[in-house]
Amino acid sequence: MADDLTNAPGGGAPRPGDARCPGPSTRDLILADGQTAPPALTEARYEFLGDADIAYDRYTSPAFFDREVENLWPRVWQWACREEHLLKVGDYLTYDVGRHSVILVKSGPDEIKGYINACLHRGTQFRPSDSRGVAPILRCPFHGWSWSLDGQLKAVPCRWDFPHVTDEAYRLPEVKVERWGGFVFINMDPDAGPLADHLGVLPDHLKDGWDLANRYTVLHIQKELETNWKAAQEAFLEAYHVFATHTQALPTAADANAQYDIFGETVSRFIHTIGHPSPHFTRPQTQQEILNKMGSAPEGATVPEGRLARSVASEHLRKTLGAEWGLDLSSYSDSEMLDSIEYFLFPNMFMFPGVGLPMVYRFRPIGSDPGRTLFDLLFLRPLAPGETRPEAPAAHRLTPGDSYASAPGMSPGLGFVYDQDTDNLAMQYKGMQASRKRGQTLGNYQEARTRRMHMTLDSYLRD
């Protein structure tokens, strides 16, 4: 295997950020499929953002963590749930991030409201953290104070003892709630700008066949990770780790020539193709051998002369998934059926608008420990024409030692890949604490999304 891949456009030493892996680019590989792909898929936008180390204290320091709790999470738009979590009037869900807790309620047929999850009497949570259910009223379990779903004070036991409590002054404090793509977003800052300003290019890119509002949740896995929330999600911001972490994928995953895009302060993306070998994998292969290793077509499937393995694999997926879901998938390109197309929305949301890899991720701190993170992993499925959006399934919670493959409904093969992804994280976090070199060194291109995330984070911490 090659371990030093360098490409200096035009010869000589490249300018910082200009170096690329030799060979075809992601765009070249997608266009070689000979199909019409969505314009967003072949767009490229990168900028060099610097090369200074990222200090480990940003991950391990309780003081830095406290700054995030005070200045980031109460002021940033963040995805709290899917609309299918709150289908009926009275449905509720609690969303927790660090010490913050919000309760979301379906307050009307097409209305969702969010409140700070704390009674105005003595602070007790209305509902436990990370819970969901039905709540026709918001009633404190401690002393019974209650509010209607629109936030109006409804009842105070022994009201005669509280002449200083007025209905108007004791309305529940609301958080801002907006919806996009089938997701429910919240912002605890009453002065926050609109969600649209935060979404950047996403509404323009994630539309038509990529519109996540036309999908629904079929599987939800949560796992606690023994690391900082930023370190956890950085493992999914790049494909650079495939070489060492997912060595079994090198014959079929074009990792080093993946494409990385920076779409402003809040949105970034990578695309890496499946069905093309890694530039690190130099052993000659036939297209038939590649198909056999992909695992995306039935045993015995063959690659006709002049076709690519990925073409045969995507054709099989269109047929089988289309039949299973009651959908015509013929309009989706091979890239949309197979490739890892991942958008990141600051601070902690990942979306895959393709068909074959239909995931959504979220990473958030648990409580007040900078070394504990909750990883939400959701799988979305397209709605068939006329299909009613079903209620979201309950989340299956895993402990740090559990395998993703143990979750009911999870593909064992994909579960193994997620185990590989997250098994490194506890060791990385311990290494961050022990290292004499007090920061991580990032690649200028392949790890630019991590640097962009930290730059945006700093803009919240400076204000």
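**Sheets, cores and a pocket in a predicted model**

Strands β7 and β8 (residues 146-147) run antiparallel to each other and are joined by 2 bridges. Within it, Leu138 has Trp147 of β8 as its bridge partner. The two strands belong to an open sheet of 3 strands, arranged in the order β7-β8-β9 with antiparallel pairing. At its edges stand β7 (138-139) and β9 (153-155), each of which pairs on one side only.

A second open sheet contains 7 strands, and its antiparallel order reads β2-β11-β10-β5-β4-β3-β6. Here the edges are taken by β2 (78-82) and β6 (132-134); each has a single partner strand, so one side of each lacks a neighbour in the sheet. Ignoring direction, neighbouring strands of this sheet are turned by 30 degrees against each other on average. As a reminder, strands of a sheet pair through backbone hydrogen bonds, in either a parallel or an antiparallel way.

Strand β2 pairs with β11 (residues 183-187) in the antiparallel sense over 4 bridges, and Trp79 sits opposite Phe185 of β11. Next, β11 is linked to β10 by 5 antiparallel bridges, with Arg179 facing Val184 of β11. These two strands, β10 and β11, form a hairpin with 2 residues between them, and in its turn Gly181 has a positive phi of about 65 degrees. On to β5 (residues 111-116), which pairs with β10 (residues 174-180) through 2 antiparallel bridges; the bridge partner of Tyr115 in β10 is Glu174.

How many residues of strand β3 (residues 91-97) are buried? The count is 7 of the 7, so the strand is largely enclosed by the rest of the structure. In a regular strand, side chains alternate between the two faces of the sheet. Both faces of β3 are covered: Asp91, Leu93, Tyr95 and Val97 are buried on one side, and Tyr92, Thr94 and Asp96 on the other. Strand β3 is joined to β4 (residues 100-108) by 6 antiparallel bridges, and Tyr95 stands opposite Val102 in β4.

Attention now turns to the nonpolar cores. The largest of them holds 45 residues, among which Leu104, Tyr361, Phe375, Leu377, Tyr404, Met410 and Tyr418 touch the most other members. Helix α13 (residues 448-462) gives the most to this core, contributing 4 residues. Leaving aside residues up to four places away in sequence, Tyr418 touches Phe236, Met359, Tyr361, Phe375, Leu377, Phe379, Tyr404 and Met410. Apart from this core lies another, of 30 residues, including Ala301, Ala313, Met337 and Tyr445.

Finally, there is empty space to consider. Rolling a probe the size of a water molecule over the atoms shows where such space is left. The largest pocket has a volume of about 1300 Å³. Which residues lie nearest its centre? Of the 46 residues lining this pocket, they are Gly356, Leu357, Met359, Leu414 and Val417. Helix α12 (residues 412-434) supplies the largest share of the lining, 5 residues.

Technical notes:
Residues numbered from 1 in each chain as written. Predicted model: local features only at pLDDT ≥ 70, side-chain atom pairs only at ≥ 80, totals over all residues. Heavy atoms only, no water. Core = buried A, V, L, I, M, F, W, Y, C linked by side-chain atoms within 4.5 Å. Buried < 20%, exposed > 50% of the residue type's maximum accessible area, 1.4 Å probe, protein only. Contact = heavy atoms within 4.5 Å. Pairing = 2+ DSSP bridges. Axes fitted to C-alpha atoms, helices over the stretch in contact; angles between N-to-C directions. 1 Å grid on protein atoms, 1.4 Å probe; cavity = no way out; pocket = protein on both sides within 12 Å on 5 of 7 lines; lining within 4 Å. Points joined across faces, edges and corners; volume = space filled by probe spheres on them.
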